[in-house]
Amino acid sequence: MQVAPGVLVATAELYTTTSTVVLGSGGGCLVVDPAVTVAEVAGLAAELDGRGLRPQAGWSTHPHWDHVLWSAQLGDVPRYATPRAVQAAEAERPELVDGVTGSAPGHDLTLLGRLTALTQARIPWDGPAAHVLEHDAHAIGHGAVFLPDTGVLLAGDMVSDIEIPLLSAGGADPVGRYRAGLEILSAVDGIRVVVPGHGQPGDGAEFRRRVAADLRYLDELERGAPSAGHDERIGDGWLRAEHDRQFALLHG
Ligand SMILES: [Zn+2]
């Protein structure tokens with residue numbers, strides 16, 4: 001689906017994971033977080049090929065296994081991430097491999113998490129400006145991408161309609177770091193479309209609604225309020241277990 005001129009989003013079945021393609025000049029494109037099964041990534045590559053599009057660069061929002069995938073058909077191009085995300089992908093390689101082999105087996109593991117550290121705040125490519133917004137909320141060195149020309153925020157694993165805030169447990173003050181991340185995203189002027197790493201895209205009003213919902217969840221979680229467990233996004237599955245784990249992390 002096209003969420004804005006030149007910005008295409010595909011949604012995978014597993015975890016409602018999104019892959020985004022930004023069109024550049026001369027058939028080049030920027031591919032953000034291609035996901036998630038082997039068949040889906042191959043399908044994305046075939047679709048780009050069919051439209052005469054050629055990846056010029058990749059971007060991984062954060063070093064979790066479902067955001068650092070690639071396939072040979074997407075081409076041998078730089079796949080950027082923030083320097084700290086690259087470090088984490090290297091340090092946590094066994095977890096990345098476990099995640100892929102457990103949930104989306106068959107990927108070429110030599111291409112898994114092979115990222116290039118980007119030391120500037122703008123992704124270098126021949127297309128619309130793509131600004132990196134780095135924070136430590138859901139993961140250390142998490143890099144959302146904002147496309148100012150179209151007002152599109154590629155949020156990575158933040159501001160989802162179907163997931164509560166999932167804290168990065170490594171390091172001090174995970175809730176404070178999460179709030180700081182939301183603040184960085186909220187400070188961006190001109191967000192007209194938000195694309196979460198998991199869930200459905202929304203408009204600017206929906207973005208603000210999700211930020212408010214996330215802040216409410218964090219406030220209640222930090223206070224130890226039982227209402228934190230009533231966030232409608234939690235349900236009865238794996239997010240219930242994540243919520244319980246986060247509650248225990250803060251309140252023992
Ligand atoms: Zn993640």
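**Exercise 1. Is histidine 64 buried, partly exposed or exposed?**

Step 1: Buried means under 20% relative accessible area, exposed over 50%, and partly exposed in between (1.4 Å probe, protein chains only).
Step 2: Histidine 64 has 28% relative accessibility, so it counts as partly exposed.

A word on the model before going on: it is predicted, so local features need pLDDT of at least 70 and side-chain atom pairs count only at pLDDT 80 or more, while totals for chains, interfaces and linings use all residues. Residues are numbered from 1 along each chain as its sequence is written, and side-chain values use heavy atoms, with hydrogens and water left out.

**Exercise 2. Find which residues coordinate the zinc ion, and describe the site.**

Step 1: Donors are N, O and S atoms within 2.8 Å of the metal (3.2 Å for Na, K and Ca); water is not among the atoms, so sites may look incomplete.
Step 2: His62 (NE2), His64 (ND1), His138 (NE2) and Asp157 (OD) coordinate the zinc ion at 2.2 to 2.3 Å.
Step 3: Along the sequence, these donor residues follow the spacing H-x1-H-x73-H-x18-D.
Step 4: Histidine 64, in the loop between strand E5 (54-59) and strand E6 (79-81), and histidine 138, in the loop between strand E8 (131-135) and strand E9 (142-147), are 74 residues apart, and the pair links distant parts of the chain. Helices (H or I, at least four residues) and strands (E, at least two) are DSSP runs, numbered from the N terminus.

**Exercise 3. Locate the largest nonpolar core and name the residues that touch the most other members.**

Step 1: A nonpolar core is a set of buried Ala, Val, Leu, Ile, Met, Phe, Trp, Tyr and Cys residues joined through side-chain atoms within 4.5 Å.
Step 2: The largest one has 26 residues, and Leu153, Met158, Val159 and Phe207 touch the most other members.
Step 3: At least two residues each come from E9, strand E10 (152-156), helix H4 (174-186) and helix H5 (204-223). H5 gives the most, with 5 residues.

**Exercise 4. Where is aspartate 33, and what is its phi?**

Step 1: Aspartate 33 sits in the loop between E4 and H1.
Step 2: Its phi is near 50 degrees, a positive value in a residue other than glycine.
Step 3: Aspartate 33 counts as buried, because its relative accessibility is 4%.
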